Every structure is written in C-alpha cells, then in structure tokens.
Amino acid sequence: MAVIRKMTNKIDKIEKKEYENVVELWESSVRATHHFLKEEDIEYFKPQILNTYLDAVELRCIRNNDKKIVGFLGVADQNLEMLFIHPEYRGKRIGKTLLDYSIDHLDVTKVDVNEQNEQAVGFYKHCGFETIKRSELDSSGKPYPTLHMELKK
C-alpha cells in the first residue's frame, strides 16, 4: 500500500548549483502551458534563463518531500518576473502559495504575462491583479503580446 505524504509548501531559497534543475522545471512547465510558443523560442529562452535571468531575480521555490523543486518564482523591482510550476504539481496551490509569499515578503505589485497564456491571465485576475497596459511584443521583442498587470489597491 502506497503511503501518501502531504507536502508542507514551505518556501525555500534556490542555490546556483540548482539552476539546471530550475531550467528543466521551466521547460516542462512551458511545454504544458505555453502552447503558443514555437520550438525555436523555447530553445532561445533556455540558455537565457540559465545564464542571465535566474541571476537577475530573487528566487524562491517549493520542494516536494524528496527536496526536489516543484515550483519557483523570480522577483525583481516589485515585479514577478517568473512563476512556474511542474506540470505534475499544478492545481495543488503551489502557484498561489508562491504568489502570496511574493506579495507578502518580496513586495510584488506587478506581473507581466503572455496574453495567449489564458490560464495564467485568469489566475492573476483571480488573485487580485488587473491589466493596466498591453504590449504587442514580449520583453525580448518577440511577437507574443504581453499584458502588464498590477495588484489592485
């Protein structure tokens, strides 16, 4: 008989030596949720995330009972720059727990989200964010419209 253990959803820091694992989680999350991205875009972003983006943000994560990262976020200048959950752990309040932590402890008030990622847009609206601006291109200049959202006061 299998023993099911409940995860604690404790927020943890990420060490640089874990970046490869973080990028693997990012890729599996993106493949499960960002169906609008082209394969070459995923391949373009992977080294960017590993070599540039992860060092540019304050990183936090939630681990499973085996200490494996199952969800992470990155914050810079009160902006939630990244929030990714492993596909097997979606729907388990990990994203909500990380988002609440980022608001309460890292002063997040803004998030930019791909307009085509309708689940994410709905999630942020449900969590109290509203769209204040729209850009035709993403921050890399790629043709993926981005919604700039702010936490309602």
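D77 is exposed, with a relative accessible area of 71%, where exposed means over 50% relative accessible area, buried means under 20% and partly exposed lies in between (1.4 Å probe, protein chains only). This is a predicted model, in which local features need pLDDT of at least 70, side-chain atom pairs count only at pLDDT 80 or more, and totals for chains, interfaces and linings use all residues. Residues are numbered from 1 along each chain as its sequence is written, and side-chain values use heavy atoms, with hydrogens and water left out.

D77 sits in the loop between strand 3 and strand 4, where strands (E, at least two residues) and helices (H or I, at least four) are DSSP runs numbered from the N terminus. Although D77 is not a glycine, its phi is positive, near 50°. Q78 lies in the loop between strand 3 and strand 4, and is partly exposed at 39% relative accessibility; its phi is also positive, at about 65°, in a residue that is not a glycine.

## Helix 1 and its packing

Helix 1 covers residues 19–33, and its 15 residues reach 21 Å from the first C-alpha to the last, close to the 21 Å expected at 1.5 Å a residue, the expected span being 1.5 Å times one less than the number of residues. Its buried residues include Y19, W26 and T33, and the buried residues of helix 1 pack against helix 2, strand 2, strand 3, strand 4 and helix 4.

E18 lies in the loop between strand 1 and helix 1, and is buried, with a relative accessible area of 13%. Leaving aside neighbours within four places in sequence, E18 is in contact with K13, R63 and I69, contact meaning heavy atoms within 4.5 Å.
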